[in-house]
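Biologist: Could we go through this structure together? I would like to begin with the charged contacts and then move on to the ligand.

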Amino acid sequence: MKPSLATTLSRPVAVSVAVLAVGAALAAGQLVAGLLAPASSPYLLVGDAVIRLAPQAVVEFAKTTFGTADKPALLVGIAVILLLVTVAAGLASRRFATVGQVVVGALGLAGIVAAATSPTIVPTDLAAPVVAAAAGLWVLRTLHRLAMEATERPDEPGYRGYPRRTVLLGASTTVGAAAILGGGAGVLLGRPTVDSRAAVTQRLAAATVAREAPIPAGADFGVTPFVTANADFYRIDTALRVPQLQAEDWSLRIHGMVDRELTLTFDDLMARPLVERTVTMACVSNEVGGDLISTARFVGVELADVLREAGPAAGADQVFSTSTDGWTAGTPTDVLLEPGRGALLAVGMNGEALPTEHGFPVRMVVPGLYGYVSATKWVTDLELTTFAVRQAYWEQRGWGERGPIKTEARIDLPRRFARVPAGAVTVAGIAWSQPRGIARVEYSVDGGPWSEAELAADVGGDTWRMWRGVLNVGTGSHTMRVRATDGTGEVQTEQAADVLPDGATGWPAVVFTAT
Ligand SMILES: Nc1nc2c(c(=O)[nH]1)N[C@H]1C(S)=C(S)[C@@H](COP(=O)(O)O)O[C@H]1N2
Ligand SMILES: [Mo]
C-alpha cells in the first residue's frame with residue numbers, strides 16, 4: 001500500500017528546510033559575486049544599505065559603542081535577524097511552503113533592492129542577488145516537497161516502521177555541502193590576487209622625498225606616542241568590505257568646472273615631487289575625551305598643485321571627492337588652494353604604503369579639516385563643483401558643510417576614575433587646533449585656579465601638542481579640567497557641544513581619587 005502524504009512537517013524539519021534554503025541562497029549569491037564582482041555579495045550589499053539608511057542616532061551609537069568593531073557588530077546583527085526570520089518562516093511553513101516562499105522572496109528582493117540602490121551600481125552587481133533569490137526559492141520549494149513526501153506517520157496504514165528520513169537527510173546534506181563549497185569558493189575568489197602594497201612600500205623607500213626634520217625627542221612625554229603606529233591609528237569609514245585596489249589599476253580623474261580635465265595614474269603620482277608631512281587627523285565624531293584622533297607622517301603629492309594644473313573655474317567652491325566604494329566628501333576649494341595649507345594626495349604612511357584600511361593606494365589628507373569633509377580614502381575622482389549643486393555623504397545626513405577642526409584638549413593622565421597616591425600627581429595629555437597650533441594649555445583641579453602646563457616640543461600647527469603638569473592633592477575624589485589656547489591666542493570654549501553637526505567642544509574633565 002502506498003503511504004499517505006503527511007499534511008504537516010515536524011518543527012525541526014520545517015525549520016531545517018527554511019534554514020537550508022536561505023543558506024543555499026547566501027552561498028549562491030556569494031559564489032556568483034566571487035566570480036563576477038566581489039563587492040556584489042548580497043549579504044554585504046544589505047549591510048551597505050543598512051549603513052546608508054541607518055538613522056544618525058544609531059550610527060553614532062555604533063561608533064561610540066563598538067568603535068572600529070562596528071562593522072563586525074553590524075554583520076552579526078544582520079545574521080541574527082536573518083536567522084530569526086528564517087526560523088519563523090520555517091515554523092510558519094509546516095503545512096504549505098507559501099509563507100516560506102514569500103519570506104525567502106522578500107529577503108531576495110531586499111538583496112536586489114540593496115544592489116540597485118548602491119551608489120556604485122553596475123549592471124553585473126544585480127546578478128548575485130538575483131541568483132541568490134532564485135536559488136533560495138527553488139531549494140525551499142524542492143526541499144519542502146521532498147520533506148512532505150518523505151514524512152510518514154506511524155498511525156497511517158502505510159507506515160513501514162521507519163520514516164524515509166534518508167531522503168530528507170540526503171537532500172539536506174547535498175544542499176548544505178553545496179552551500180559551504182559555493183560560499184567558500186565565493187569568499188576565496190573574492191580575494192585580491194596580488195597585493196601591490198609591498199611594491200609601493202619599496203618604491204617609496206627608493207623615491208626622492210622632501211623629508212621633514214625628524215620628530216624631536218621632546219615631542220612627547222612618554223604618555224601618548226607622538227606618532228601613532230599604523231596599527232593603532234583610528235579608523236572610521238562606511239566600508240563593510242575594505243576596497244581592494246591595486247596601485248597598477250588605480251587612476252584619479254579630476255574634472256567638472258576645470259580648464260583641463262586630468263587623469264592621473266599611480267605612476268603619474270610617483271613621478272611628481274613627493275613631500276613628507278606630519279598631520280594629526282581627527283574625526284568629527286570624536287567626543288570630548290575620545291580617541292578618534294591620531295598622527296602620522298604621510299608622504300604624498302601636493303593636492304593644490306594638481307588642482308592648479310586642472311585649473312579650477314571661478315565659482316567652483318567645492319572639490320567633491322569620491323572613493324571607489326562610492327563614499328563622498330566635499331572640501332572647500334579655497335582651503336585646498338590656500339598657501340601653506342599642505343593638503344596631500346597621500347600614498348605613504350609612517351614609512352610604508354598606505355594600509356589597505358587607510359585608503360591604499362591613494363587618499364586625501366587635509367590638515368585642519370575633519371576627516372568627513374576631506375580625508376577621502378581609496379579616492380578615484382575629484383570633481384570641481386559648487387556646494388550649492390552637490391552634497392557629500394555626511395552633509396546629506398545633516399553634518400556641517402565645511403568641517404574645520406575645533407580647538408580641543410584631552411587628559412590622558414590620570415586615567416578616568418584612577419586611584420593615585422595623594423600628594424604630587426602627574427597630569428598629562430594632548431591638545432590640538434590644526435592648522436593654528438597650540439600656544440598654551442592650562443589645568444585646574446576642583447574649580448581652583450588655572451596652572452600653566454609644560455608644553456612638549458612644537459612639531460607644527462598641523463599636529464597635536466603634548467602637555468604635562470603636576471597637581472598637589474589631598475586624599476579624596478578630585479575633578480581636573482584642562483583648556484587649550486590656539487596659536488592665534490583664542491582659548492577653547494567651555495561651552496559643551498555635541499559632535500553633531502560640526503564637532504564636539506567643551507573643557508575635558510577627569511575624575512580621580514587620591515588615597
Ligand atoms: N572612502 C572613505 N573615506 C573616508 C571615510 C569613509 O567612510 N569612506 N570616512 C572619513 C572619515 S569620517 C574620517 S574621520 C577619516 C578617517 O580616516 P582613517 O580611517 O584613516 O583614520 O576618513 C574619511 N575618509
Ligand atoms: Mo570622521
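Modeller: The side chains of Lys377 and Asp237 form a salt bridge, with N and O 2.9 Å apart; the term denotes a side-chain nitrogen of Lys or Arg within 4 Å of a carboxyl oxygen of Asp or Glu. Lys377 lies in the loop between β10 (363-365) and β11 (379-385) and Asp237 in the loop between β1 (209-210) and β2 (251-256), so the pair ties together parts that are 140 residues apart in sequence. Helices (H or I, at least four residues) and strands (E, at least two) are DSSP runs, numbered from the N terminus.

Biologist: Before we continue, what kind of model is this, and which pLDDT values do local features and side-chain atom pairs need?

Modeller: This is a predicted model, in which local features need pLDDT of at least 70 and side-chain atom pairs count only at pLDDT 80 or more, while totals for chains, interfaces and linings use all residues. Residues are numbered from 1 along each chain as its sequence is written, chains are lettered from A and ligands numbered from 1 in the order in which they are written, and side-chain values use heavy atoms, with hydrogens and water left out.

Biologist: Back to that pair: are Lys377 and Asp237 buried or exposed?

Modeller: Both Lys377 and Asp237 are buried. Buried means under 20% relative accessible area, exposed over 50%, and partly exposed in between (1.4 Å probe, protein chains only).

Biologist: How many salt bridges does a search of the whole structure find?

Modeller: The search finds 24 salt bridges. One of them joins Glu309 and Arg272, at 3.0 Å from N to O. This pair links distant parts of the chain, with Glu309 in helix α10 (residues 303-310) and Arg272 in the loop between α9 (266-270) and β4 (274-282), 37 residues apart.

Biologist: And how accessible is Glu309? What about Arg272?

Modeller: Glu309 is partly exposed, at 37% relative accessibility, whereas Arg272 is buried, at 16%.

Biologist: Which residue forms a salt bridge with Asp305?

Modeller: That residue is Arg308, the closest N and O atoms being 3.5 Å apart. Asp305 and Arg308 both lie in helix α10, 3 residues apart, about one turn of the helix. Asp305 is partly exposed, with a relative accessible area of 39%, and Arg308 is partly exposed at 45%. Elsewhere, salt bridges that share partners join Asp70, Lys71, Arg235, Asp237 and Lys377 into one network.

Biologist: Changing topic, which residues come nearest to ligand 1?

Modeller: Of the 19 residues around ligand 1, Tyr234, Thr238, His358, Arg363 and Lys377 come nearest; a residue is near if one of its heavy atoms lies within 4 Å.

Biologist: Where do polar backbone or side-chain atoms approach the oxygen atoms of ligand 1?

Modeller: A polar backbone atom of Ile236 is 3.0 Å from an oxygen atom of ligand 1, and a polar side-chain atom of Trp327 lies 3.4 Å from an oxygen atom of the ligand. A nitrogen atom of ligand 1 lies 2.9 Å from a backbone N or O atom of Ala375. The protein covers 99% of the 530 Å² of accessible area that ligand 1 has on its own, by the Shrake-Rupley method with a 1.4 Å probe.

Biologist: Finally, where does Pro367 lie?

Modeller: Pro367 lies in the loop between β10 and β11 and is buried, with a relative accessible area of 0%. Pro367 and Met281 are 86 residues apart in sequence and 7.2 Å apart in space, C-alpha to C-alpha.

Key. Polar contact = N/O pair within 3.5 Å; in protein donor to acceptor, adjacent residues only side chain to side chain.
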